[in-house]
Amino acid sequence: MGLRGYILKRFAYTIFLVLFVIIVNWLIFQAMPGVQGAIAALQGNPRSTPKQYQFYQDIYGLNKPPLDRFITYFWSMLTFSFGNSYQTQHPVINDVAHTGRLFNTLLLVGASTVLAILLGLVIGVIVSARRGSSVDSFSVTASLTTFSLPTFWMGIMLITFFATVLNWFPQGNTVPFDWGSNGIPPWPQYLLTRLQYLTLPLVTLTLFQYGGYLLLTRATMLETLSEDYITTARAKGLKERAVLYKHALKNASLPIVTASALAFGTVLGGAIITETVFNWDGLGLYLFNAIQNKDFPVMQAMFYILALSVIAANFLSDLIYGILDPRIRYE
Amino acid sequence: MKASGETNLRFNLRRTYKFLKVLLSNRMAALGVIMLIIAIGAALVAPVLYPGNPQLVKVSGDFAQPGWVAYFPDGYYLSNNMVVVSDPSFANPSALQEWSYNYPQAQGAFLSFAWSPSTPVGPPSGSLQITSNASSSLGVTVSKVFHYPYHGPPSKFQLRAFQIDAQGASVNQPVQVSLFLTRGTEKTYTFWSTNVTNSNQWISPRYLLDSDADQFKLAGGLQPGEPLSLSAAIFSQVNDYTLGVSIHFSGPGRVNLTNLGLVADGTSFGLLGTDSQGSDLFAEVLHGARISLFVGLVSAFLGISLGLIVGLIAGYKTGLTDEALMRFTDMMLVLPALPLLLVLITVLGQNIFNIIILIGFLGWMGFARVIRSQVLSLKVRPFIEAARAAGAGTGRILKVHIFPNVVSLTYVNLALAVPAAILTEAALSFLGLGDPTLISWGQIISNAQAANALKDWWWIIPPGIGIAFVSLTFVLIGYALDEMFNPRLRRRR
């Protein structure tokens, strides 16, 4: 089985996961007291007429047998037609894709993940070469500490210090309020302002992630550095830099790929918290508001989209792994 | 049998002792253990020091800063709680000595002051009885001078619901009563004044004698729109203040009065100040340790047990069981945990047991995979084969031969699952989906946010540090255990 067979196998598995998510999403929201609760309330109200009752049953399609309902639901999930949000009355997919929310979240999550991986890799490699030194124990302790800090609290502290006290950054939001009325400024200023608004949430979400990468890099590097081929490389008289970066890091970086995909779901959780703290207008805040207002179509759609993105991240990491590590294709 | 049980116990004790010795020789682990002892101590001490729910007890002014801030330049204007009258309800005859009595010297002979016990019709406590035998009008003042030592005003102050009963008063011969507070000698605020015309009836002010109440503000001489608070207007300086009531008889009569007292709520309190309800934040933070530790330990234990069971079975059994269990584990792993938790808690309701169970049920997958891979490599070792050849069943092999070999992994992951659970609970509470009836650290921060008090550092910082402290405790221990048990990380000597 070559690379193609491996990819096909992973792809089939991915499809299977998507089906699972669709079913779970159905089951959870079947238990939600949303529409069913409203209908039950209508039924319980002595002044409501059977006609009204029928009307709402028709609207929500509740008079059809469960299998028909499931097929309708299934189809709507596949076509991304999630219905209208109770709050905004717009189609959910429009709220997600065409309002910049998707972009905002991708920007925040993407930039912080890249930053965190870079930070984790660089510090991890440096530290693994000096095991037991004060730099080592300091950075390990620091990453363990950021592990232990609640994300939302870190965000609040950053806001208090850098926004309220020092006034370097805005206290929250994605863009200034007056952009709506005054129009968007020319690009250098636009970029600078956006960067200013991005900084604190970005720092928060990066701090949330980098510790894991640092510890992982350090652990795999330590393991790799004790391999025989590293001893050989050193014996050949290679410079320590070359040994570290060319021989050790290349092999030690593979687990990072898997770890970043596995951590993606957690990062999305961190993004929900970060976006809520900073009032960052992304998908996390959208989901949070939906939960606060019991906006079920949005909740259902958002859960589905987030789960899909985790599945996609896993599939992608499988692909990258398959390309980077030939051994995996022949398992 | 008994002897072997005893040796077993001895052996176990010795093993535990050795384990602890090795553990404590690691600096990180030693720090973690000390922190754990502190955290558990806080959780145990909380209900002893502060029985009951501290959020239901008002101890000082709302948003009071910590008491020690007064020692810093920023705390110059802070004030403490102050109780002006020690026995405002005249419960004992000695209460009479607390007050000074002023009246025209010449008419002193017509006046008498006495303590009277509670009567069935009157207030449930004693009262001060003033009798005048003078046929003409006569004024008398009962007052107490106190020193207000703080440079800033109290957060607010309240007067007792003052009660008075005038016998012999009528429309023609009213008794004039006024309740007042004087700053130094310059300014007098009259809080309530009335002409008592009914004989034998206890009356009190119709409005709340609370500096935040609008009508009381009006009575104190402030306009309704006035931004200045009444307590800031009155207690504007360090000075001697006089609290008192003046009574004017227009003829002979007798007056009973009680509930004469003033309590000022400070703008600073205790170790950590107060929240928006004036509740002691130190007590709340101590109580928070209980909830956070409880949630963390129980849900971590739940998740790790599930992971252990699934991992052991999937690793040991081959074929369909393994495949099905691992596929299910993988499927659960792609569900984003926090969104799923948020959605599920919205469905199931916000209570602590739902939270614990859900966190536990969403936290077993990673560990199950770890255990499975360990079991996979263990089960082909000769000692397992030997056990199987000797006729040991699956259950016995798992329990006696495999479990002891993965127990170190269990410790490590248990220690690392606790902070994850604590942080998840805190995040849930912060997002408004925690158990609103319990004081967890996340809930305290969430309350601060709801009260729009994110700038009140004494409210925000301590619970956050609490979460970080307890999480770090378990992270340190778990990390140290990992370094000890994980052969890949063990240092080569």
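This passage walks through how chains A and B meet, how chain A is divided, and a few local spots in chain B. The model is a predicted one, so everything below was computed from its atoms.

Start with the place where the two chains touch. On the chain A side, 42 residues are in contact with 35 residues of chain B. Several helices of chain A each give two or more residues to that side: H1 (3-30), H7 (134-148), H8 (151-165), H10 (187-225), H14 (264-278), H15 (283-292) and H16 (296-324). The largest share, 8 residues, comes from H16(A). Sorted by class, the side of chain A that touches chain B has 29 nonpolar and 12 polar residues, along with 1 charged residue.

Next comes the layout of chain A itself. Chain A splits into domain 1, covering 3-94, and domain 2, covering 101-281.

Over in chain B, helix H10 (residues 382-389) lies largely in the open, because 0 of its 8 residues are buried. Just after H10(B) sits Gly391(B), which takes a positive phi of about 100°.

Ser236(B) turns up elsewhere in chain B, in the loop between helix H4 (230-234) and strand E11 (239-249). With 15 C-beta neighbours inside 10 Å, Ser236(B) counts as partly exposed, since that class falls between the cut-offs of 12 or fewer for exposed and 20 or more for buried. From Ser236(B) to Tyr411(B) is 175 residues in sequence and, C-alpha to C-alpha, 61 Å in space.

Definitions and conventions
Residues numbered from 1 in each chain as written. Chains lettered and ligands numbered in written order. Predicted model: local features only at pLDDT ≥ 70, side-chain atom pairs only at ≥ 80, totals over all residues. Contact = placed C-beta atoms within 7 Å. Helix = DSSP H or I, 4+ residues; strand = E, 2+ residues; numbered from the N terminus. Nonpolar A, V, L, I, M, F, W, Y, C, P; charged D, E, K, R; others polar. Domains from an automatic or database assignment.
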